[in-house]
Protein chains: 2
Amino acid sequence: MPVSHAGPRLEAPNLEDAIGALRARGLRVSAARRLVLEAIYAADGPISAEEVAGGLGGRLPRSDPASVYRNLETLEKVGLVRHFHMGHGPGRYVRAGDAREFLVCDSCGEVRVLERHTLDEIRAVLRRDLRYEAEFTHFPIVGMCAGCHEEE
Amino acid sequence: MPVSHAGPRLEAPNLEDAIGALRARGLRVSAARRLVLEAIYAADGPISAEEVAGGLGGRLPRSDPASVYRNLETLEKVGLVRHFHMGHGPGRYVRAGDAREFLVCDSCGEVRVLERHTLDEIRAVLRRDLRYEAEFTHFPIVGMCAGCHEEE
DNA sequence: GTCGTAGTTGCAAAGACTTGCAACAGAGAG
DNA sequence: CTCTCTGTTGCAAGTCTTTGCAACTACGAC
């Protein structure tokens, strides 16, 4: 089963644009769906599906977890949303444009963001050797930070 | 929470060596623990915790899932076992030495194994830019294979 | 405005793990 | 061989997420 977050990256800087993009794709704008989108756009960072279902801790009405998961998946297919994993634990969702590439230290848990030039270089290697367009927003790169590596 | 599969890579080509390694670390060799190890060593490829608990479909006695998960975690800490994820779905476990680096196409699900020279080059970039010792056995690299990319 | 039909929803149940806890049993000590 | 101490186990309950399904509703058609 593919991870499934392909699809063109939609430009939807605000909620209205996102809703328009949904309609343009022939998708219905139900109350539950709108709520998920509102949560994603209202959150000030990556949030879990649970948080969306919980209405962002009271700021929005609660909704059924199953619908939340289904809608997050739909929104991801459409390209409005992305989700990623940090080590284990629940997945986190962000607006498509906010996705970042992370590095996690397996030993101390430190998280860093990959910079564009490093990322480009790695992607170039994979493109050259395997004609593969890699994307590092879904899973972090796991390894050991300098500090932890020296201690070994 | 770190992903936790640090620790020296133990040399344990067979079950006996693995059990010796456990004892050397001061860990008990209980029936349940031995069973998990037996399943990992008897399996002909990556297996899920469920399969271990199920006794490899009848070849071994069943065991309690909770103990299986705890033991797999312990064995991973000790360096005898590793687990990885392919997209979503249950994690899969292998002997430490059998861990591989994968590339998964987000669109068609195709899986490829990264070759050593490609891997080394990528690791070198991360080492140079971030002094980070990356390791790609836990999560696959996600992206798009040549075929799927051209269709876009 | 009313109809019809798919796309959607909410519930319930299952799957994949994790955690708390009292009972149990390896492994060294005596 | 027995005792003891502490690592482990098995059960049960709890997360996080997916899936089946009947009821419902958004939205274009009339």
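Read along the sequence, chain A of this predicted model follows the pattern α-α-β-α-α-α-β-β-β-β-α-β-β-α. The chain has 7 helices and 7 strands. Helices (H or I, at least four residues) and strands (E, at least two) are DSSP runs, numbered from the N terminus. Residues are numbered from 1 along each chain as its sequence is written, while chains are lettered from A and ligands numbered from 1 in the order in which they are written. In this predicted model, local features need pLDDT of at least 70 and side-chain atom pairs count only at pLDDT 80 or more, whereas totals for chains, interfaces and linings use all residues.

The C-alpha atoms of chain A fill a box of roughly 50 × 35 × 30 Å along the principal axes. Of its 152 residues, 33% are buried, with 20 or more other C-beta atoms within 10 Å of their own, C-beta atoms being placed from the backbone. Of the contacts in chain A with a separation of 6 or more, 52% join residues 24 or more positions apart. Contact requires C-beta atoms, placed from the backbone, within 7 Å.

Between the chains, 37 residues of chain A are in contact with 37 residues of chain B. On the chain A side, β4, α6 (116-130), β6 (133-135), β7 and α7 (146-151) each supply at least two residues. The largest share, 6 residues, comes from α6(A). By class, this side has 19 nonpolar, 11 polar and 7 charged residues. Here Ala, Val, Leu, Ile, Met, Phe, Trp, Tyr, Cys and Pro count as nonpolar, Asp, Glu, Lys and Arg as charged, and the others, Gly among them, as polar.

The largest nonpolar core holds 24 residues. Such a core is a set of buried Ala, Val, Leu, Ile, Met, Phe, Trp, Tyr and Cys residues joined through C-beta atoms within 7 Å. Leu103, Tyr132 and Ile141 of chain A and Leu103(B), Tyr132(B) and Ile141(B) touch the most other members. Strands β4 (102-105) and β7 (141-144) of both chain A and chain B each supply at least two residues of this core.

DNA strand D is surrounded by 26 residues, each with its C-beta atom, placed from the backbone, within 6 Å of the strand. The closest are Ala66(A), Tyr69(A), Pro90(A), Leu27(B) and Ala32(B). Two or more residues come from each of α3 (49-53) and α5 (65-78) of chain A, and α2 and α5 (65-78) of chain B. This surface divides into 10 nonpolar, 8 polar and 8 charged residues.

How values were computed:
Buried ≥ 20, exposed ≤ 12 C-beta atoms within 10 Å, placed from the backbone. Contact = placed C-beta atoms within 7 Å.
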